[in-house]
Amino acid sequence: MFLGGGRITSALIAGLRLAGYETPIVVHDRHLRKLQQLKRQYSVEIEPNLSRAVGQASLLILAVRPDSLDELLKQMGRINRPVTAVSLAAGVPLAKLQTRLGPPVRWARAMPSPACLRGTGLTAVAFERALSPAARREVKKFFAKVGSVLELPESQFDAFTVTYSPSHGYHTLATLASVAEKLGLQRKAALTAAAHALADGILCWRETRTSLRDLLDEAATPGGIAATVMSSIDAAGYRRILERSLRRGLMRARKNAKN
Ligand SMILES: NC(=O)c1ccc[n+]([C@@H]2O[C@H](COP(=O)([O-])OP(=O)(O)OC[C@H]3O[C@@H](n4cnc5c(N)ncnc54)[C@H](OP(=O)(O)O)[C@@H]3O)[C@@H](O)[C@H]2O)c1
């Protein structure tokens, strides 16, 4: 049962459908239009009534934005039977979720990405201590349908969140391609070159399991063009900028925890 039928819910359902997931999928959202769209697109069951939606679920996936979560939890009211609730809300800690909705509801957090729609995503999960091994397995099995699953201590969840978004890939691709265009490459060739530069390198690292140091040595002849470009990027403070930006992301996540 998904509470919230927005972007990440759509991506997860697309991935589940691709994987041939057969358990009925029910979605609740406050916008009937979104529910009808999901029903048309993925043949999910829809439940516009929140109490009925919550009443029929044993696994609840809460997929609303962090600033909508409190209101949703209030509307849900008390639940008097054992339910595993999985919050996708970035930055919102288990302790806060447990305070808002306590036992017999048990909590997990999950951080998937839209890449799960192709079945090639990665989802980090963290569990409250009291969640049973069987319930943990159920949550992991669910997200494993749409990609790999990585269990992390909750203390690492925000660092994972700011590192993992595919927006890093899209943003780097867009920036590299636009600079290449500025240097005279046509738009299409610029995007193709940039996409290969990023994807080929990463696939090679993943598939060969060669160390990054060796791959960098192999791709950048000392004193050559690639080595000049890389050292110029480093000298301009790339690492410092990235660290500062990720720290800003962490601060944003902490704001979600407080609100
Ligand atoms: N998008 C991603 O790639 C991604 C990845 C990992 C985790 N997440 C997390 O997943 C959550 C959802 O993100 P999203 O991008 O899918 O958001 P979204 O597209 O805004 O979808 C959330 C949906 O839930 C609805 N909603 C909010 N409060 C509700 C309530 N009380 N009752 C019923 N429906 C309600 C929203 O309606 P309104 O528009 O009216 O509020 C909206 O249709 C966030 O907490 C985010 O941190 C997202």
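**From the ligand shell to the helix contacts**

Tutor: Helices H1 (7-18) and H4 (66-76) each put at least two residues into the shell around the ligand; helices here are DSSP runs of H or I with at least four residues, strands being E runs of at least two, numbered from the N terminus. Before going on, keep in mind that this is a predicted model: local features need pLDDT of at least 70 and side-chain atom pairs count only at pLDDT 80 or more, while totals for chains, interfaces and linings use all residues. Numbering starts from 1 along each chain as its sequence is written.

Back to the shell: H4 is its biggest contributor, with five residues. There are 25 residues around the ligand, and Gly 4, Gly 6, Ser 68, Ala 89 and Ala 90 come nearest (a residue is near if its C-beta atom, placed from the backbone, lies within 6 Å). Sorted by class, you get 11 nonpolar, eight polar and six charged residues (Ala, Val, Leu, Ile, Met, Phe, Trp, Tyr, Cys and Pro are nonpolar; Asp, Glu, Lys and Arg charged; the others, Gly among them, polar).

Now zoom out. The chain is assigned domain 1 (2-164) and domain 2 (167-258), with bounds from an automatic or database assignment. Their C-alpha centres are 32 Å apart. Where they meet, 12 residues of domain 1 are in contact with seven of domain 2 (C-beta atoms, placed from the backbone, within 7 Å). On the domain 1 side, H7 gives the most, five residues, and that side splits into seven nonpolar, three polar and two charged.

Let's follow H7. The axes of H7 (residues 157-164) and H12 (residues 238-258) come within 9 Å and cross at roughly 125° (lines fitted to C-alpha atoms over the stretch in contact, angles from 0 to 180 degrees between N-to-C directions). H7 and H12 are therefore oblique to each other. H7 brings Asp 158, Ala 159, Thr 161, Val 162 and Thr 163 to the contact, and H12 answers with Leu 246, Gly 249, Leu 250 and Ala 253. That makes five nonpolar residues, three polar and one charged.

One more pair: the axes of H8 (residues 167-182) and H9 (residues 187-208) come within 8 Å, crossing at roughly 135°. The H8–H9 contact has 11 nonpolar, two polar and two charged residues.

Terms used: Angles under 35 degrees count as roughly parallel, over 145 as roughly antiparallel, 65 to 115 as roughly perpendicular and the rest as oblique. Two residues are in contact if their C-beta atoms, placed from the backbone, lie within 7 Å.
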